[in-house]
Amino acid sequence: MAAVQVAGSLPGEPTREVPREPPPPEQSSGFRCLSARLCALRPDDSSSARTEIHLLFDQLISENYSEGGGVAPEDVSTLLVQACRLVPLNQNHLVSKVSQLIHHLLNRLQVIVDEQNLDFLLAYAISALQQCSSWTHMEILQALAALVYCNGSKCQKYLPDLLGKSGILMKLSDLAQPDPEVRRAAVHCMANLCLSVPGQPYLEEPYPNICFQAFLTTLQSPKSSDMDDITFCMLLQNALKGIQSLLNGGKMKLTQTEELGALLAVLKKSMFHGLPGLNIELPTVLYPTPLPQYDGRPPVRPQQSESSASGPTANKKKKSKVKSKKIQQGEEEEEESSGEREVARVPSSGREHVHEGKAPCSSPLGGQSLPVEGSAAGKDRVSPPFRSASWKRVSSSESDYSDAEGGMQSKMRSYQAKVRQGALACFLSTIKSIEKKVLYGYWSAFVPDTPELGSPQSVSLMTLTLKDPSPKTRACALQVLSAILEGSKQFLSVAEDTSDHRRAFTPFSVMIASSIRELHRCLLLALVAESSSQTLTQIIKCLANLVSNSPYNRLKLSLLTKVWNQIKPYIRHKDVNVRVSSFTLLGAIVSTHAPLPEVQLLLQQPCSSGLNNSNSATPHLSTPDWWKKAPSGPFLEEASVSSPKGTSEPCWLIRLCISTVVLPKEDSCSGSDAGCAAGSTYEPSPMRLEALQVLAHLARGYFSMAQVYLMELGEVICKCMGEADPSIQLHGAKLLEELGTGLIQQYKPDSSIASDQRVPVSLVVMFWTMMLNGPLPRALQNSEHPTLQASACDALSSILPEAFSSLPSDRQILCITMLLGLNDSKNRLVKAATSRALGVYVLFPCLRQDVIFVADTANAILMSLQDKSLNVRAKAAWSLGNLTDTLIVNMETPDPSFQEEFSGLLLLKMLRSAIEASRDKDKVKSNAVRALGNLLHFLQPSHIEKPRFAEIIEESIQALISTVLIEAAMKVRWNACYAMGNVFKNPALPLDQVAFIESFPQS
């Protein structure tokens, strides 16, 4: 949980964090002695008693408490209660001192007061605020903020006194409050009250809304003349923290347009607070609109074509000058200072211009590390800038500013940066608390659009990414932009700019396309300018999100080419997180709307193009025949003879990914390689996982290139599935499944691939023989990792049917035995995957006439149809439908032996199970009715003549008619109608004897 700044703390003071379990209760002798002396005192109004209490309080405050101090929380609470009992409210100086003691001990020892003592201390603090002189209010509010921290749910009975219409905090936080420090401290108390703790009750209504309105009013109000800049920054931070706590608690629903618009307006204003060279005016409310009308831009001129607008303006724009800051190596400085880049102020308009094709007006960033989520696993999560770091007070090193040499100015910049970070953190919480379709109404307020001819660039999140001097703020802005882009595929799918726009108005599709182009341009500019590895990681992840959601099939060419060429050098960056995110971006490129002709050409580029980088780590690519240097087995020798006539141009990306996965790295593991285990000879695990994912994307979208490396990829899969790391094994199995699926697609009847361009069946047989002789069977039997077992089952179901029939008989038996055995698994993932795989195998031409196999498969599927898991039942119903398709195919063969040998009792069981499944959820029902229709079609006269079949036939037809008539999904009803058509194909069925069959045509 994020640390919360305590009102009134000095800049160098440590922050409150969620309390941890105290060490064994070995109290320091100093605290024990002082506590004993204090507890021995009795209330006394004499001068000597007051003096003694003063001294004891001073000693307790000045006591040197080590890590946790060895002081039990209950002892601290007991001492504070005793201290308050000794201090009458008419003694202002003592009340001020005891408030300082409460604030100091609770923060220094990270104690949260228990509920019983909290009641007494809260009542005391509230009474003190009501009765004591105004000069004591600052210290009392400090104490109150410390008391209510993480205790908001326990303060319910005091909320009317604190937050009611005449509540003390409402009065002290009002704009009319003359003391700015008191106002700030009161707002901070409210923020601490709103801080939610998982598992505890939340503030009761209407107090969350009361606090929200107070915070919003605070953010909307300008700085008063009697408030200094730093106090104003801290006031804004506290208000932002309060809103973020309300949103994170999940109780604050922003359903009103006015309310959401007002919040977004103040967040946008706060996002740019103190940004050098920028001064924007915003309305009090932002309204959802696709037009960027709130940035003070000049009237829109008719849009010119890109080619005519790009040339002349680029020369007229003035280049911003860059001032480099020397990076102080080895010094512990505040990141906003050490990572700063000077930003040139833009005269008159107060706006900053970004020039296409040029680096942004900034020098390289300081290399200081930031706790930004580099995600060793390549996942996108909320990074530490949105956790404790966003709300921490400045550290002790940050407080050592001198007034000389710009010390105060540097301190001011630090506080302003924290306001911007707080606004971005609050914006991220807002994004998570509203629906995406609502958020996209405000797209133009936060996402840049291509500026009109002669117009300045509108302020947006990209303004912060390109211009903010704080690397941490830039990272926060990128994370907010990523959150907006995530899941935006449907919204962005309307974009279209494949033809020149020459209309009197700008269509919405063209405007969105323009915004996508501008995002590409700005992010690539930021990529070039950034040197902070952690922020660089966020830029690349944001690019990956953009690429994943952009409709490149509706956009002009070259966008992906620019991203592709820019990212190549970062594949060999010295920081492992940058390398991992680079692979993530490459995976996004090869998976978006695949196959794209533009990406096809990029994959055929020479391997050396764009990979040179002075900031590189391990050189991943060697000579084009690098793989031949590795030991080659008999499979590779045979594969070279029978490989398909694919593209002769080697795919550098496939070779890069294979070498990343299997080849030892050439340099030692650097400190930034978070995923690199001690003594490991390979690249860090996150890099290898991302490389495997890229290979899987290539196999899915660009199989014609991957097929050239089929046997090499087989070797990679065997190596991965033979390793100890389950995640590497799992990704190896996923790659195997994608390759198997690609091979099946080539041999489908409707495939457009020429026969000489397909992988020969003989090579496919070699490939699967290698898999089945390798670690795949062990993965299928690895019950300790059911997810791996399920993936291995999925991979096994992707065998090409033509190749399966050519496998050695012992390998065929192995596959069948494994699947039938795993169908008894207790794990639902494994059971679902097995049921599906059996449904695939039962369609194989070489197996479908094997009565024993079909019967065994039917029994396994019927057992899975009784499972408690909906997913297992859905897969089993699909397989049952496939099995009944096999029955129909066998019925149409000249040889009647299959129909004669197939068990009538098993048919009866299948009919009963299908009838039961037709009453299940739609996922199960759609295939259950398909199976019913096939089974009724398959029934032979020898079955129909038996009395026990008469009733089941009638029930089956009734189930089909009922499914047609009920309000189910269209697919379910269509399948039921199709199944009824199959019923009429069986002339042996006595349909004239079924009473309700006449009602079917009317239905």
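What span should the 13 residues of helix α34 (residues 761-773) have at 1.5 Å a residue, and how far apart are its end C-alpha atoms? The expected span, 1.5 Å times one less than the number of residues, is 18 Å for helix α34, and its end C-alpha atoms are 18 Å apart, which agrees. The structure is a predicted model, in which local features need pLDDT of at least 70 and side-chain atom pairs count only at pLDDT 80 or more, while totals for chains, interfaces and linings use all residues. Residues are numbered from 1 along each chain as its sequence is written, and side-chain values use heavy atoms, with hydrogens and water left out.

**Overall architecture**

- The protein has 47 helices and 0 strands, where helices (H or I, at least four residues) and strands (E, at least two) are DSSP runs numbered from the N terminus.
- Of the 1003 residues in the protein, 57% are buried; buried means under 20% relative accessible area, exposed over 50%, and partly exposed in between (1.4 Å probe, protein chains only).
- Among contacts (heavy atoms within 4.5 Å) between residues at least 6 apart in sequence, 77% join residues at least 24 apart.

**Helix α34**

- Helix α34 is largely enclosed by the rest of the structure, because 10 of its 13 residues are buried.
- The buried residues of α34 include Leu763, Phe767, Trp768 and Leu772.

**Salt bridges**

- The count comes to 18 salt bridges, each being a side-chain nitrogen of Lys or Arg within 4 Å of a carboxyl oxygen of Asp or Glu.
- Lys157 and Asp119 form a salt bridge, with their closest N and O atoms 3.5 Å apart.
- This pair links distant parts of the chain, 38 residues apart: Lys157 is in the loop between α6 (137-148) and α7 (159-163), and Asp119 is in helix α5 (residues 115-131).
- Lys157 is exposed, at 55% relative accessible area, whereas Asp119 is partly exposed, at 22%.
- Asp468 and Arg420 meet in a salt bridge at 2.5 Å, N to O.
- Asp468 lies in the loop between α19 (461-467) and α20 (471-485) and Arg420 in helix α16 (residues 407-433), so the pair ties together parts 48 residues apart in sequence.
- Both Asp468 and Arg420 are buried.
- Arg521 pairs with Glu518 in a salt bridge, the closest N and O atoms being 2.6 Å apart.
- Both Arg521 and Glu518 lie in helix α22 (residues 508-529), 3 residues apart, about one turn of the helix, and both are buried.

**Cysteines**

- The count of disulfides, defined as pairs of cysteine sulfur atoms within 2.5 Å, is 0.
- Cys132 counts as buried at 7% relative accessibility, and Cys150 is buried at 4%.
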